[in-house]
Amino acid sequence: MPFMPQERVALFIDGANLYSASRNLGFDVDYRNLLEYFRKRANVIRAYYYSAVLETEEYSPLKPLTDWLAYNGYALVTKPAKEFTDATGRRRVKGNMDIEIAVDMLELSDKIDHAVLFSGDSDFRRMVEAVQRKGVRVSVVSSIRTTPPMVADELRRQADQFLELAEIASEFTRRQTEPRPRGPASAHATIRSTPAEPYADPHDAA
């Protein structure tokens with residue numbers, strides 16, 4: 001069984017990573033149902049959502065999502081995104097939350113039995129290994145059905161179990177969308193196609 005009813009579980013959701021994976025699979029996440037999905041299967045003691053916020057904007061399009069999450073069972077972790085101009089003169093926004101996720105998971109590892117990481121970033125492999133040495137099971141939620149796959153092979157191998165996002169998506173799909181092609185333009189664009197698209201680090205890769 002992927003989960004045991006009495007085990008203490010914490011969710012660690014990289015907002016930009018989950019957004020990218022879900023959009024490439026052609027659906028939007030219903031965060032109320034997402035939390036309920038895991039609560040039905042285990043004792044969820046924390047659900048962290050991580051997102052960078054561009055403070056130079058008068059109104060952040062992420063605000064409706066982050067406000068809702070903060071009042072509906074999620075522990076919201078944010079930090080200012082950094083805006084810069086690259087060598088070609090294009091505007092970029094950098095918002096990497098890896099350190100925040102790693103610190104929180106390691107700090108909480110003595111109080112949980114199972115950590116669920118929503119990310120496919122290979123940089124998390126060492127962190128997952130460290131948490132496992134403390135006796136915590138780690139599940140990774142991402143997808144190998146996108147092109148290219150959203151999850152790094154080394155992270156998938158390190159995890160105690162891998163949950164294919166496409167296989168559980170029907171439990172918390174908000175609405176169907178057209179899958180987006182992944183390519184240089186879509187991977188590095190800073191123009192967000194929906195109001196709730198988190199900022200991702202343009203230099204990040206699985």
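Student: What makes up the secondary structure of the protein chain?

Tutor: The protein chain has 8 helices and 10 strands, where helices (H or I, at least four residues) and strands (E, at least two) are DSSP runs numbered from the N terminus. The model is a predicted one, in which local features need pLDDT of at least 70, side-chain atom pairs count only at pLDDT 80 or more, and totals for chains, interfaces and linings use all residues. Residues are numbered from 1 along each chain as its sequence is written, and side-chain values use heavy atoms, with hydrogens and water left out.

Student: How many of the residues count as buried, and by what cut-off?

Tutor: Of the 206 residues, 49% count as buried, since buried means under 20% relative accessible area, against over 50% for exposed and in between for partly exposed (1.4 Å probe, protein chains only).

Student: Why are β4 and β9 called edge strands?

Tutor: The open sheet of 6 strands has the order β4-β3-β1-β7-β8-β9, with parallel pairing. In that sheet β4 (75–80) and β9 (161–164) each pair on one side only, and therefore they are the edge strands.

Student: Which strands does helix α2 lie across?

Tutor: Helix α2 (residues 31–39) lies across β1, β3 and β7 (114–118), contact meaning heavy atoms within 4.5 Å.

Key:
Two strands pair if DSSP finds at least two bridges between them. Axes are lines fitted to C-alpha atoms, for helices over the stretch in contact, and angles run from 0 to 180 degrees between N-to-C directions.
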